[in-house]
Amino acid sequence: MKDIRLIIWRLVVVALILGAWQGLSGPVFDSFWVSRPSAIAAWLWKSIVTGSLGADLLITAKETVYGYLIGAVAGLALAFVLAQSERAAVVLRPFILAIYGIPRIALAPLFVLWFGIALASKIMMAAMVTLLLVFFNTYEGIRSADLQLKSVALVLGASRWQLFWNVTLPNASPWMLAGLRIAIPQALVGAVVAEFIASTGGLGYLIMDTTSTLDSAGTMAGIIVLMLVVLLLGTLLDRIEGWLLRWRPQEKSDKA
Amino acid sequence: MTADYIVELRGVGRAFRGPRGEVVALKDVDLEIPTGQFLTVVGPSGCGKSTLLNIIVGLIEPTRGEQYYAGKPYRGINRDIGYVTQSDNLFPWRTVLRNVTFGLDMRGIGRRRERKRRALELLEQVGLRDFAGHYRHELSGGMRQRVNIVRTLAYNPRIMLLDEPFGPLDVQNRLQLQDLLLRLWQDRPGTTVVFITHDLTEAIGLGDRVVVMSARPGRVREIVPVTLPRPRDIYTIHTDPTFRDLYDRIWKHLAEEMRAVEQ
């Protein structure tokens with residue numbers, strides 16, 4: 001019952017925002033710049049029917065998914081390899097921090113230059129963003145391993161390899177999963193930003209294209225679709241993470 | 001170097017490098033642990049009791065002296081030894097059941113089903129069968145320590161080392177667990193126990209012998225045989241006159257060492 005109430009309240013908030021937007025656009029704000037929900041809905045309906053929205057969604061989804069998978073695998077592998085050596089960790093620490101500090105969006109023009117205006121540059125951009133986030137989180141997770149638990153596992157008879165699988169990995173899993181989760185919307189952002197720079201399709205292209213033709217309903221529609229995709233992915237990931245980390249006390253699991 | 005002793009320490013010392021130079025935790029420790037005995041160890045705080053256990057199990061190497069297992073010198077982790085630490089150290093991502101099977105899993109003992117059956121049996125003995133599917137954060141301190149003990153018992157180690165396992169528990173839980181530990185030990189003839197505690201009543205109530213350690217650097221100051229008969233009733237043993245004599249005797253040694261720490 002509580003859940004239903006909550007949903008109703010949230011719907012009320014959505015209705016209020018949409019209502020205010022619809023009512024104020026025109027009399028108060030120039031609807032040429034801010035558009036209005038009815039116009040956006042019409043725009044969305046039209047592009048759904050013609051299939052153009054689906055095509056753009058598919059392009060961006062492809063870039064995001066491929067990029068994410070490449071980046072996640074590379075990030076995990078790099079973290080596990082580097083975490084093996086204490087020396088490497090100490091030597092490389094400032095460099096890793098420096099690379100992590102680069103505003104990732106600043107890489108987009110470079111990547112378009114290197115990989116062209118087709119899918120490759122967007123995939124690489126999404127991959128880079130994912131790699132950094134996954135690497136950093138996983139690396140911290142492995143390095144924060146509980147020494148006492150490791151000793152206990154060794155005394156209980158674990159070999160080096162068993163120790164890795166049965167202690168280091170599960171111990172790092174909350175950090176790892178946090179990195180993998182944060183990286184999904186960020187990979188999407190990476191792909192869309194690369195599309196802003198140069199592209200021939202995708203949600204980023206849609207937003208840029210409609211802006212250049214002063215079609216504010218189209219731009220708003222693009223932003224709203226992007227928002228919904230991120231929201232949907234976030235909910236899905238929370239579910240998966242909640243199941244994987246069911247061994248953690250409840251109040252801790254939302255810390256990540 | 002006879003095999004009557006399961007573990008033997010000869011002139012064992014251990015120094016650590018600290019921020020203010022070298023700290024000697026243990027110095028010239030000679031200790032013979034006969035097979036099947038329940039040995040308790042008391043001593044002032046910081047006298048290196050935990051270091052002693054870490055050396056016996058092989059997590060720490062001594063900087064001096066020799067250690068023997070069943071008559072043979074050894075170094076490194078000894079897989080015949082089980083170690084129950086002060087904090088429960090359960091794996092939080094494994095259920096109670098899979099914590100108990102951990103040692104068997106790692107050693108590849110038996111089939112999966114046998115391991116599970118064995119673990120459930122042990123959990124039954126400590127009254128936690130219904131909690132087999134729970135995770136660490138769902139258990140109380142006393143329950144966690146029970147799981148910790150049966151996790152170590154599961155692979156039948158020849159020696160069990162326990163480092164103040166009941167320290168953080170309340171009196172009722174502590175008595176129950178002492179009683180439980182005695183029963184589990186008596187069911188496993190030949191199993192040797194080395195039990196560290198800061199509670200003299202516990203040391204005398206459980207042990208065949210009480211080792212009193214000196215203030216740092218830790219040495220063996222005195223070994224007092226506990227002449228109380230077994231089986232013992234842990235709930236009433238402190239009223240026995242022999243118990244009181246022993247308590248006074250050991251307390252005298254301990255108090256002197258504690259004073260030494262103050263100065």
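Visitor: Why is A:Val230 called partly exposed in this model?

Guide: The model is a predicted one. A:Val230 has 15 other C-beta atoms within 10 Å. A residue is buried at 20 or more and exposed at 12 or fewer, so a count in between makes it partly exposed.

Visitor: Where does A:Val230 sit, and what does it touch?

Guide: A:Val230 is part of helix α11 of chain A, residues 216-244. Leaving aside residues up to four places away in sequence, A:Val230 touches A:Pro185 and A:Leu188. Touching here rests on C-beta atoms within 7 Å. A:Thr219 is eleven residues from A:Val230 in sequence, and their C-alpha atoms are 17 Å apart.

Visitor: What makes the span of α6(B) close to the expected one?

Guide: Helix α6 of chain B, residues 171-186, has 16 residues. From first C-alpha to last it reaches 23 Å, and 22 Å is expected at 1.5 Å a residue.

Visitor: Which residues of α6(B) are buried, and how do you know which side they are on?

Guide: B:Arg174, B:Gln178 and B:Leu181 are buried in α6(B). They cover an arc of only 65 degrees around the axis, and therefore lie on the same side of the helix. In general, an α-helix has 3.6 residues a turn, so residues three or four places apart point the same way. The buried residues of α6(B) pack against α5 (141-153) and α7 (200-206) of chain B.

Visitor: How many residues of chain B are in contact with chain A?

Guide: 17 residues of chain B are in contact with 13 of chain A. Helix α3 of chain B, residues 102-107, gives the most to that side of chain B, with four residues. By class, the side has eleven nonpolar, four polar and two charged residues.

Methods:
Residues are numbered from 1 along each chain as its sequence is written. Chains are lettered from A and ligands numbered from 1 in the order in which they are written. This is a predicted model: local features need pLDDT of at least 70, side-chain atom pairs count only at pLDDT 80 or more; totals for chains, interfaces and linings use all residues. Two residues are in contact if their C-beta atoms, placed from the backbone, lie within 7 Å. Helices (H or I, at least four residues) and strands (E, at least two) are DSSP runs, numbered from the N terminus. Ala, Val, Leu, Ile, Met, Phe, Trp, Tyr, Cys and Pro count as nonpolar, Asp, Glu, Lys and Arg as charged, and the others, Gly among them, as polar. The expected span of a helix is 1.5 Å times one less than its number of residues. The arc is that of the directions from the helix axis to the C-beta atoms.
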